[in-house]
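Try each task before you read its solution.

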Amino acid sequence: MTSNSYFQVIVYVVTLLALAKPLGWYMARVYEGESVGLNRLLAPIERLMYRLSGVNPKEEMRWTDYAVGLLVFNLLGALAVFALQRLQASLPFNPQHLSGISPDSAFNTAASFATNTNWQGYSGEVTMSYLTQILGLTVQNFVSAATGMAVLVALIRGFTRRNVDTIGNFWVDLTRSTLYILMPLSLILALVLAGQGVVQTFNSYQAVPLVETVSYEQPKLGVDGVALQDAGGKPVMESVEAKEQVVAVGPAASQVAIKQLGTNGGGFFNVNSAHPLENPTPLSNFLEMLSILLIPGALCYTFGMMVGDTRQGWAILTAMTLVFVVLVFIAVPAEQSGNPALAALSVDQSASISQSGGNMEGKETRFGITNSALWAVVTTAASNGSVNAMHDSFTPIGGMVPMWLMQIGEVIFGGVGSGLYGMIMFAIVAVFVSGLMIGRTPEYLGKKIEAYEMKMAAITILIPPLMVLGGTALAVMVEVGKASVFNPGAHGFSEVLYAFSSAGNNNGSAFGGISANTPFYNTLLGLAMLFSRFWLAVPVLAIAGSLAAKKKVPVGLGTLPTHTPLFIALLIGTVLMVGALTFVPALALGPVVEHLQMIGAK
Amino acid sequence: MIKHLKPAIILFVLLSVLTGVIYPAIVTGLAQLLFPSQANGSLMTDNNGKTTGSSLIGQPFSSFGHFWGRPSATAPFPYNAGASSGSNLGPTNPALVDAVKARIQALKIADPDNKAPVPVDLITASGSGLDPQISPAAATYQINRVAKTRNIRPEILRALVDANTESRQWGFLGEPRVNVLKLNLAMDQLSH
């Protein structure tokens, strides 16, 4: 790594941590219903929304009501996205006259966006109308993020309340997350991105002349529009000359902003934030990357504030940051070291003042190695899943880091809300394990952790591995699963493992070579996303309800403090143990074998 | 469940209007007002007002008298800005090595005297297939070929490359880079 490379990573981490406190403080005030600077503008809108929908914001919900409200709301969202995709051909704002989307792909995308996964089985600019993008996908980007934040806040209330059976009002948490946190931040980010060159227009795609014409072959169509075939059954090709280039545009900036801030990750264009009109400059790249971890990081401080002890939040943020930084310093050097197969061909892969060098296949010149590898770690630490380089072309180790970050459950920052509630589940397991070791009843933040909480926490920790390993095993056993694989050998297995790691942890990034837009993968990955989202959210709410009903245990001699370096180590250890024990065998078959083959082939 | 249906439906509609209609409309209005060029794709025009391309979207170049950009994996032709795509070739895929060998050979045929190692970004496909830029090293590598083909002094091209090189943003962000389309347009302008 070059000194500039270190510097860029350090600036990123320092900026991220510096913003945790102010934004975390602001969000805590939003969730505690206190007045914030934007109240004068937004409070009337908020009140109007409650009045129209018949919601009494003062009314509290039991955890079961909270969960049912959440499920109904998310089901509606998924149905709306499904319907918009199926009907887009006959709806307005479709200047490219894109046709309706197949049922399996529409199901996959609906599940994907309702679960905050934002896996892209489709290619944005050749598939989705502007209406589907804004009214379907952008809306889900907001409300799926707000849903995750609401579940987190309900869980926090479980710790702060005592002897009550309610955990807040889902409609209020949902509305306030969207109105006071996600929308203002997105508006600012969208405008800055537009200034850098991210497109924001409802005009149709722009044709521009090419300086040099290119000729290419394409299948010749008969008068009936069907591809002609010769006697041998091969398609008849014709030579065509392209004199112009059609530049896909659209209302991208508004969607890209919330795509990053809400840890969604579904790109406006096919190649996501590698596209020059979605991420045009190093500055836009820095801001988009910062936005991925901004809210998940700050929510740690919100958590600390709401439980009345900010050290608790800092402890969790420290654990996340430590794992994150270590993995950055594995991924960046792995990519910087380049590809041994190319080194043999008199290719210059060394870093110098005039090139970034390294493994540049699938990477953009303006981002180089540092920003591509850093982004890969950031986007998979969070359950974001947007990419600014093609992960499929990463070196085996460089690609294993993002894959493993997803597999350990998206808790190193993680999704907005979902990352922290996932991490709190690990904290519950950590205090339980240590409680067993010192022979005391485990407690966390003054609440006793008993069999019920442990069962629920165990479910949340075990569902994603079940989806990942079960799904991968099934896909590599059947022909339809294997047919979609693009790269040969161990890397092909990695493509399948990555796909299920991504769907099974609601990330959304991909080893993009795999042809996942098939009925088999669309269905299986769609189901994995749904299970991993809601079979986690509901048990977490159950814990929230159970904790809220308990009394507060005073801190005693046998209480394990949960803000100390010891606990931070214990928490990291728990996350790593679960992640390592569960996934090392699968990783050995994919990236590890490929790495050995790559360095052995020299 | 029924009691949750009404707030769910109405709030969903209201939030959809807010985040799916009003929010994109505000962003579009302000972006078109404040950054009209960027918001519409950063299109460039020549002196006669004719569009010459987008400063953010690369174009395919293969003639010896132009600087070449990053290899592009878009279909059906390179730099198809209507369907972005990377190659997705894995690092151990033999097809990657074959593609790189063919690109190196094309560069050697175009410039047999150049014995320098090839800068990696010049023979690897970009992530988007639309990368508008190459590294300064990749531009330098091509100066002699273009100078010979065009019969102009390399120093003139060196100056032109430098003029079209962007350094790291704010001095430290990203990587230094040369915009290939702008460079070639400037060069064509020069020889007219």
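**Exercise 1.** Find the residue that stands opposite I134(B), then work out which sheet the pair belongs to.

*Solution.* Step 1: across from I134(B) you'll find V178(B), in β6(B). (Strands are DSSP runs of E with at least two residues, helices are runs of H or I with at least four residues, and both are numbered from the N terminus.) Step 2: β4(B) and β6 (residues 177–179) of chain B run antiparallel and are joined by 2 bridges. That is enough for pairing, which takes at least two DSSP bridges between two strands. Step 3: zoom out, and you get an open sheet of 3 strands in chain B, ordered β4-β6-β5, with antiparallel pairing. Step 4: its edge strands are β4 and β5 (165–166) of chain B, each pairing on one side only.

Before you go on, a word on the model: it is predicted, so local features need pLDDT of at least 70 and side-chain atom pairs count only at pLDDT 80 or more, while totals for chains, interfaces and linings use all residues. Residues are numbered from 1 along each chain as its sequence is written, chains are lettered from A and ligands numbered from 1 in the order in which they are written, and side-chain values use heavy atoms, leaving out hydrogens and water.

**Exercise 2.** Describe how chain B and chain A meet: how many residues are in contact, and how much area do they bury?

*Solution.* Step 1: count contacts (heavy atoms within 4.5 Å). You get 101 residues of chain B against 116 residues of chain A. Step 2: look at the buried area, meaning the accessible area (1.4 Å probe) that two parts lose on being put together, summed over both. Here that's about 8700 Å², with 67% of it on carbon and sulfur atoms. Step 3: look for salt bridges (a Lys or Arg side-chain nitrogen within 4 Å of an Asp or Glu carboxyl oxygen). The count between the two chains is 1: K3(B) with D65(A), whose closest N and O atoms are 3.4 Å apart. Step 4: ask which elements of chain B take part. Those giving two or more residues include α1 (2–34), α3 (94–110) and α4 (136–150). The most comes from α1(B), with 25 residues.

**Exercise 3.** Which strand of chain A pairs with β3(B), and in what sense?

*Solution.* Step 1: the partner is β3 (residues 347–348) of chain A, and the two run parallel over 2 bridges. Step 2: pick one bridge, and you'll see V118(B) partnered with V347(A).
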